[in-house]
Amino acid sequence: MRRLAPATTIIAAAFMAGGCASHNFLVYKDGSNFFITQDLAVRQQLLCDSGDIDRVITDSGLSSSLQLRIKAAICSTTRAKKDMRQILEEMTYEQLNALKNAFRKAGYEINKPLDA
């Protein structure tokens, strides 16, 4: 009976992890990569300073209000990682795919790790 408890725990943990999957994704361009929710200088440079974020959100076809929320979560000086995470979690899979495709159209690769 003791052997069932650890196996049950592992199975339960696997189901919980699968149900709590994040919509976060890795963005790659010009030799740099970052999770879209990471507040990094490289994200600021690649997306905000270059103006790419405007092209990405426009090409996404998302609602104007969602586009503004995404831009603010990524580029505003008061941005917070949790803001972008919350936006991603609220998005449908169709919206998320539209956003990822807009990144691709702007020359970004999605979920590509840096070569070691």
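**Entry 1: helix α3 and its cover**

I began with what covers the buried residues of α3, and the cover includes β1, α2 (41-49), α4 (64-75) and α6 (93-105). For my own notes: helices (H or I, at least four residues) and strands (E, at least two) are DSSP runs, numbered from the N terminus. I call a residue buried under 20% relative accessible area, exposed over 50% and partly exposed in between, with a 1.4 Å probe and protein chains only. Contact means heavy atoms within 4.5 Å.

This is a predicted model, where local features need pLDDT of at least 70, side-chain atom pairs count only at pLDDT 80 or more, and totals for chains, interfaces and linings use all residues. Residues are numbered from 1 along each chain as its sequence is written, and side-chain values use heavy atoms, with hydrogens and water left out.

Which residues of α3 (residues 52-60) are buried? I found D52, I53, V56, I57 and S60. Looking down the axis of α3, I saw that these buried residues fall within an arc of 120°, so they line one face of the helix. The arc is that of the directions from the helix axis to the C-beta atoms. Just after α3 comes G61, with a positive phi of about 75°.

**Entry 2: helix α2**

I then turned to α2, where R43, Q44, L46, L47 and C48 are buried. The buried residues of α2 pack against β1, β2, α3, α4 and α6. A glycine follows here too: G51 comes after α2 and has a positive phi, near 85°.

**Entry 3: the whole chain**

Time to zoom out. I counted 6 helices and 3 strands in the protein, and from the N terminus on they run α-β-β-α-α-α-α-α-β. Of the 116 residues, 34% count as buried. Among contacts with a separation of 6 or more, 57% come from residues 24 or more positions apart.

**Entry 4: the sheet**

In what order do the 3 strands of the open sheet stand? The order is β2-β1-β3, with antiparallel pairing. Two strands pair if DSSP finds at least two bridges between them. β2 (32-35) and β3 (109-110) stand at the edges with a single partner strand each, so one side of each is left without a neighbour in the sheet.

I went through the two pairings in turn. β1 and β2 run antiparallel and are joined by 4 bridges; K29 has S32 in β2 as its bridge partner. These two strands form a hairpin with 2 residues between them, and D30 in the turn has a positive phi of about 50°. β1 and β3 pair in the antiparallel sense over 2 bridges, and there Y28 stands opposite E109 in β3.

**Entry 5: aromatic rings**

How many aromatic pairs does the structure hold? I found 2. Rings of Phe, Tyr and Trp (its six-membered ring) pair if their centres lie within 6.5 Å; planes under 30 degrees apart count as stacked, over 60 as edge-to-face and the rest as tilted.

F25 and F103 form an edge-to-face pair, 5.8 Å centre to centre with 75° between the planes. This pair links distant parts of the chain, as F25 lies in the loop between α1 and β1 and F103 in helix α6, 78 residues apart. F103 and Y108 also form an edge-to-face pair, at 5.5 Å centre to centre and 90° between the planes. I noted that F25, F103 and Y108 form one aromatic cluster. Buried or exposed, I wondered about F25? F25 counts as buried because its relative accessibility is 0%; F103 is buried at 1%, and Y108 is buried at 2%.

**Entry 6: the nonpolar core**

A nonpolar core is a set of buried Ala, Val, Leu, Ile, Met, Phe, Trp, Tyr and Cys residues joined through side-chain atoms within 4.5 Å. The largest one has 27 residues, of which F25, I36, L47, I70, I74, L99 and F103 touch the most other members. The elements giving two or more residues to this core are α2, α3, α4, α5 (81-90) and α6. Helix α4 gives the largest share, 5 residues.

**Entry 7: H23**

My last stop was H23, in the loop between α1 (4-19) and β1 (26-29). H23 is buried because its relative accessible area is 9%. Leaving aside residues up to four places away in sequence, H23 touches L88, E89, M91, Y93 and L96. A polar atom of the H23 side chain lies 2.6 Å from the backbone oxygen of L88. A polar contact is a pair of N or O atoms within 3.5 Å; within protein, one must be able to donate a hydrogen and the other to accept it, and residues adjacent in sequence count only if both atoms are side-chain atoms.
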